[in-house]
Amino acid sequence: MLPEASTLAPHIDHLLLLLVGLSAVIICVVSVLIFGFAIRYRRGSKARRGRLPDWIARDVELGWTAATLFVALFLFWFAASMETSQYEVPADAMEVHVVAKQWMWKIEHPNGQREINALHVPVGVPVRLVMTSQDVIHSFFVPAFRIKQDVLPGRYTETWFNATKPGTYHLFCAEYCGTDHSKMTGGIVVMPKQDYARWSRGVNTHGTLAGQGARLFRQLGCTGCHGESARVRAPSLAGIFGRKQPMSDGGFKTVDEAYLHDSILRPQKDVVAGYKPVMPSYQGIASEDDVVRLIAYLKSPNGGAVE
Amino acid sequence: MSTRATALVDRELRSPSYLQNGTDLRSWLLTTDHKRIGILYALSITFFFFLGGIAATLIRMDLVTPAADLLTNDQYNRAFTLHGIIMVWFFLVPSIPTTLGNFLLPLMLGTKDLAFPRLNLLSWYIFVVGGLLTLFALVVGGVDTGWTFYTPFSTLYSNSHVLLAAMGVFIVGFSSIATGVNFIATTHMLRAKGLTWMRLPLFAWAMYTTSLVMVLATPVLSMSLLLVTAERAFGLPIFDPRAGGDPLLFQHLFWFYSHPAVYIMVLPAFGVVSEIITCEARRRIFGYQFMVYAMVVIAVIGFMVWGHHMFVSGQSAFANLAFSFLSFVIAVPSAIKVFNWTGTLYRGQIRFSAPMLYALGFVGLFTIGGLTGLFLASVPLDVHLTDTYFVVAHFHYIMVGGSVSAFFGGLHFWWPKITGRLYSERLAQFAALSMFFGFNFTFFPQFVMGWMGMPRRYHVYPPEFQPWHVMSSVGAAVLAFAYAWPLFYLGWSLFKGEKAPPNPHGATGLEWQTRSPPPKENFDSTPEVTAGPYKYHPRESTPDEVEQAQKPQEP
């Protein structure tokens, strides 16, 4: 059967067992009643019939309505409290970026390691996945971890897990995405910490994700405007991540991944107060993978402070 | 010959039945008789049912092995899209309302026809045009978006005939709306003298609540399909995030229709099953008023639960919890209905006719379908189960196990009234039982498979799922037999079946108080209603007698 390979999985399985048990009880009661009545009150049997006592019609009906409502509310409370307790991502989570495209998963580790249709993670370390799609809607599904999250174009979605058992598990695309949807699969490799450390030092020749971003920042000409000695007046990006920025329409925006993503690809959408909307769009110039790297750079301690 | 029989013969000489009232093609294609239009619909949806069934057969045959050996990836995607589009929009949504509803509603209300007979005929033509357009899309190459048309795949990436298919569905929506408007107007305006709301048969209530949902929800589907067309054909940036559109907007609009659409399929089934169970148990339906309120509540809350299709889509956590709450709440009226059908059997005189077997089968399948709905309403569990075979099994239990069983039950129950002929009870009982077993055999393994993580819409799959797929495909073969078999004995009964008396089941309800098949004007004399429905047991009170007894006695 399905392995329980994350900290979340046992919780989900408890909820499942509760519901299976409850359903079994209800199905038993309903079928015993139906078969019982069907046999006892079949046409021609000698069972006593006649008028129903009035209390049956009224009290029984009110009783089972109230009981059903109570069960429904209890289940909602139980499921909802589990959901809210799992909602917070642990602060020390390792961050992995996922870019989905027809029909593959592109994974980027914080240290710059890249892989396709595979994700290596250490056991016992919370992993936060920040995901976006290059084309249609996909969905990142790891049955053994009991997690699934749609991956949307033009938006970042996230989910997290903490793997508990080394091994290789299925990764599926769960949202129908076209011709080779059923081939958009891969493997999640959960490794002991030492093995993971060895693996991640292994083939990597690209430098860290933030380092790659810094290189891109220069290559794409961002320094021309956002650098210290730039001639066009553009906001400095030093330490910008997480800050609240005043917008030209009078509002405020917190600089998060989605904001940076849009500022690179659709710069006219939210313009910082006091600046002219002169930045060109990098749509078609910077790929989703590039944007991921640029964001990693801007998030890093000395991000944006290039000279 | 007794005087009564002579009178019957005399009347038959005076006005022919609706079937004999003109027999050429023209008299059928230009008819405004609700009964004939019901037959036209029945023939059309039967065609679509078997077309959708052929696609299902291809899918199940292909999935017997984990590799792609029968169809290519694209062919497979087109096959499940065809199956979904045809079955949902051209069979399940119209099935009971347009056939049994069209035929029976005026009879049950004691009126000559629907409020707008010509609109009724027009709605059939609209249905046919929509159907032909969709068939055309199929002939020229098909569609590969899935029946849900999710954007931006459908608007920007699909290389198939999305526009044609979307237009077909768009057009057929008007047919739904027209039928709904017609039923609502008829129920409000044309009830027989004395037929108050609380005396309406539950089937009429079911048609009424269904019509409300159809009229209010279908326009939203039409609008979202128009938006898909606008983006795909004219490049308007609506769902494309690169141009500032929102890819999730479509899902909100789509499910705002398509979740209520489930109730468009299930509410009519409630009506049919209630009529059959109360008649075959010879017992007034348990808690008539609760049954009515439950249907109304379902129709209303049905509009507020669409977000439970989107728990992993990236909508806010608060929205997830709100939709989860409402989805649990809507389970309550559904459960009440199951309890009340069970309660109706208590102290009954139960007869296991074919319609009754279908109806009891419905209760079983609907219960399983409803309970598995609770799994999907729980957000953390839904995250794991959504977009897997668990969901496929769940909605087939409700929409196919439930709705189609009820449709077959109703078809058998009213067959003598519609055709004037009796079918072979034994062969029909066999069909009902094979359908129940075939259905469970096909779809129960899919719950397990879904739990193990088998994603839906997968053409090739990891080999560990194969045993479950094989089981499911074997069950599907039994199910296919159970669906095709009635064609033979019902067809046979048309020519060789025994002539049906006006009321072969000894049922209450106005439709049984006229001849089988009814004359063109439905009744030889205008009916009048003096008591509540379902007075099957001599010492049992009807709803309005109960109401009378509860009122304080005047001195």
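How far apart do the end C-alpha atoms of residues 91-202 of chain A lie? They lie 27 Å apart, and the span is 9% helix and 52% strand (helices, H or I, of at least four residues and strands, E, of at least two are DSSP runs, numbered from the N terminus). UniProt, in an unreviewed entry, places "domain: Cytochrome oxidase subunit II copper A binding" at these residues; its positions follow the numbering used here, feature names are shortened, and annotations may be inferred rather than shown by experiment.

A word on the ground rules. This is a predicted model: local features need pLDDT of at least 70, side-chain atom pairs count only at pLDDT 80 or more, and totals for chains, interfaces and linings use all residues. Residues are numbered from 1 along each chain as its sequence is written, chains are lettered from A and ligands numbered from 1 in the order written, and side-chain values use heavy atoms, leaving out hydrogens and water.

Now look where the two chains meet. Here 78 residues of chain A are in contact with 83 residues of chain B (heavy atoms within 4.5 Å). Together the chains bury about 7,200 Å², 68% of it on carbon and sulfur atoms; that is accessible area (1.4 Å probe) lost on being put together, summed over both. One salt bridge turns up across this interface (a side-chain nitrogen of Lys or Arg within 4 Å of a carboxyl oxygen of Asp or Glu). B:Asp246 and A:Arg155 meet in a salt bridge, at 3.2 Å from N to O.

Notes. Buried area = accessible area lost by both parts, 1.4 Å probe.
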